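I opened my notebook today to look at how two chains meet. Here is what I looked up, step by step.

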There are 2 protein chains.
Amino acid sequence: MAAANEGFRALDEKSLVEYIKSTPALSSHLGEHLDGLTVKEVGDGNLNFVYIVVAPNGGSFVIKQALPYIRCVGESWSMTKERAYFESLALRQHGSLCPDHVPEVYHFDRPMSLIGMQYLKPPHIILRKGLIAGVEYPLLAVHMSTYMARTLFFTSLLYRSTLEHKREVAEFCGNVELCRLTEQVVFSDPYRVVEHNRWTSPYLDKDAEAVRGDNDLKLEVAGLKSMFCERAQALIHGDLHTGSVMVTADSTQVIDPEFAFYGPMGFDIGAFLGNLILAFFSQDGHAGQGNDRESYKQWILKTIVETWNLFQDKFISLWNEHKDGNGEAYLLSIYNTPELQVLAQKKYMNDLFHDALGFGAAKMIRRIVGIAHVEDFEAIPDASKRADCERRALNCAKMLLKERRRFQAIDPIISAIKEIAST
Amino acid sequence: MAAANEGFRALDEKSLVEYIKSTPALSSHLGEHLDGLTVKEVGDGNLNFVYIVVAPNGGSFVIKQALPYIRCVGESWSMTKERAYFESLALRQHGSLCPDHVPEVYHFDRPMSLIGMQYLKPPHIILRKGLIAGVEYPLLAVHMSTYMARTLFFTSLLYRSTLEHKREVAEFCGNVELCRLTEQVVFSDPYRVVEHNRWTSPYLDKDAEAVRGDNDLKLEVAGLKSMFCERAQALIHGDLHTGSVMVTADSTQVIDPEFAFYGPMGFDIGAFLGNLILAFFSQDGHAGQGNDRESYKQWILKTIVETWNLFQDKFISLWNEHKDGNGEAYLLSIYNTPELQVLAQKKYMNDLFHDALGFGAAKMIRRIVGIAHVEDFEAIPDASKRADCERRALNCAKMLLKERRRFQAIDPIISAIKEIAST
């Protein structure tokens, strides 16, 4: 790996300032007086170092540098720093398709695996933290449905020629190491005995064991894993949980697409919806004096419904708008009547819905019995109470994974969630 | 395209001899006396020039040169000569996996798009010609099931790591122009009005029109086209019809994998089985005095059954043999009981069977109402009789495409074929 790391040096707060001074694409954002820069390391993710840089004149940006290993595990779990290249590509492509919900990239340095991008100023916070705090975001469903509809539609064969598609697919095959991490932690480890799996023990010991012994579940997961590895449907974010979204009351910004590659659309949609369902099931653990979180739970469920329904509407609108474009999946000369177009769209959306439910369920399961948990549950101090919340979420996920094909719309999903919540 | 053609010159029988003399990897196969070479151009395919080269000492090889257009259409339909590169890659990979049924590559010259390979000597003939002549090949099912099981299994995620897989997928994305040709002529043109479509007119005018107006058929075809474009399941041959197989009584050799890429396995299996079904339905047109072809039709049906059943057995045997290898689709640590392994294999093979039936049916349809027809039918001089044969084949294909999921084994397919044949 020596050659791969040529030109690379890990920066710290001090050497970063020198780097900025010698990089006009960055320093131009900060005005004349670079000596009064504030630099703060804030990376709370698992993989990278993240610095917020603010100049005396108010100019600012974020610097994200990938190191050749997984930060939260240490140098023992190596991970190509080339992920920063794919993150920068995805930010730029998704950003050009949906500039309102993707931070702007100012600078990318491939040997240094370093991205300089728009700083999302306070009061932006990570959506997951807002969900734990019980904050409603009235525009969240509107914004996320726009983001998903636009990034997925415009990078699919509904819009693109197969010529463009294959060229892009080939490029993103290079992000294989990050794909492999997902394959392992989402589709494999929760279903077998591995040391780094964990769960709220002893309460969930039997539940974790039941997951590992559930043949139907494992057969469904095999199908989803194959789809994840084999199906290049669109340029997906690849890690679209509620920790990859920053929000204020009127802004929604999707960050951290380092897992981006050409994969199944349902993986992104499912990640987002699945993490909202996790947030829902965690609320009982956050209920306290004066706030039983009941109305907040209703808001989360409403947001799930609106996100899917708006996504579907917007995706189909884009399809109708571009049906005589370069997209090669459904040529207008073949799908040439309004009736047939509606049939084709219904079938496509129904399949996508089932994919999203399956992937969403798999993402839920891995957050309860796999290596990486979510703060929604982790922040519940009482282990017994936490386990109760997690068990309901796990049962919901298992049901969705195995029975998803009997659902034809999002409303019955909400009824099923409510029923499991009342157990 | 000037740069892409740098170093390229189209050879003829004379300049080829000079080329051979200056290329040791070729001339070494021919002994000392190169002056008495016999060179014969025999390309009867659609895309290339093919020369048989034989030396006085009996040494021999075949030279295949791709030109930057489709030979049978002319220079107006350009087609990257880089297809020869992918053909050479596929011949070498499939050849190393299944040397008994793939000709050996002696030499590849990328700028010249020229492959030198083993000459398959007489009495080798193209299988399609043997099927038209009514010749039985007792080992055909045994050989083709081995070829398909080995080439598909060993290039899939049942055997490979996702690291190898993504690297190979990226490489073969370069063969996009050939993929696009398939997308157009198999999945698009038969279902819309385009000038180069043809059929046995006027007899099949209504049948061709019915194909273009069949919503259920077109919805199924859209699903198959998406799978063809998006699903990188294994390194497939990409054009495995009975014209891509050379046979004798005891030898079966698969040639011409210039359409090779990472696609759905069912496309290869379906191409072969679908073309056998076409051969079956064409037999009534070849029946004559003293040979009603009835026993030959039975042999074709038996070959279809044996090919699928043997393929299935061999594929599962390979899976069992390598279940603790590097393949990442079904990790032994997860699929950890004999019962679960059997369930996983049944589900996998059932899905693959339905894919093969769907793709096979699509390949049948395009040979009857699309641009490129098959000699099985073309060789029937009486247009009315030919149309009757083609209509039965077309009806069979439409049924298979729309109803394939109700079949769980190959025997009921044979019953359905027989029923349609008796109409």
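Entry 1. I began with the area hidden between the partners: chain A and chain B bury about 3,900 Å² between them, and 58% of it lies on carbon and sulfur atoms. I then asked which residues of chain A lose the most area to chain B. They are Lys166(A), Leu219(A) and Glu230(A), which together make up 19% of what that side buries. A reminder to myself: this is a predicted model.

Entry 2. Next I looked up the contacts, and found 42 residues of chain A touching 42 residues of chain B.

Entry 3. I turned to charged partners and noted 4 salt bridges between chain A and chain B. One of them joins Arg180(A) to Glu328(B), and I read 2.6 Å between their closest N and O atoms.

Entry 4. Which helices of chain A supply at least two residues each to the side that touches chain B? I listed helix 6 (162–172), helix 7 (176–188), helix 9 (215–230) and helix 12 (338–369). Helix 9 of chain A gives the most, with 8 residues.

Entry 5. Last, I looked within chain A, where helix 14 (residues 383–403) and helix 15 (residues 410–421) pack at an angle of about 145 degrees, their axes 9 Å apart. I logged the crossing as right-handed. Among the residues making this contact are Met399(A) of helix 14 and Ile417(A) of helix 15. By class, I noted 8 nonpolar, 1 polar and 1 charged residues in the contact of helix 14 with helix 15 of chain A.

Note on methods
Residues are numbered from 1 along each chain as its sequence is written. Chains are lettered from A and ligands numbered from 1 in the order in which they are written. This is a predicted model: local features need pLDDT of at least 70, side-chain atom pairs count only at pLDDT 80 or more; totals for chains, interfaces and linings use all residues. Side-chain values use heavy atoms; hydrogens and water are left out. Contact means heavy atoms within 4.5 Å. Buried area is the accessible area (1.4 Å probe) that two parts lose on being put together, summed over both. A salt bridge is a side-chain nitrogen of Lys or Arg within 4 Å of a carboxyl oxygen of Asp or Glu. Helices (H or I, at least four residues) and strands (E, at least two) are DSSP runs, numbered from the N terminus. Axes are lines fitted to C-alpha atoms, for helices over the stretch in contact, and angles run from 0 to 180 degrees between N-to-C directions. A crossing is left-handed if the near helix is turned anticlockwise from the far one by less than a right angle, and right-handed if clockwise. Ala, Val, Leu, Ile, Met, Phe, Trp, Tyr, Cys and Pro count as nonpolar, Asp, Glu, Lys and Arg as charged, and the others, Gly among them, as polar.
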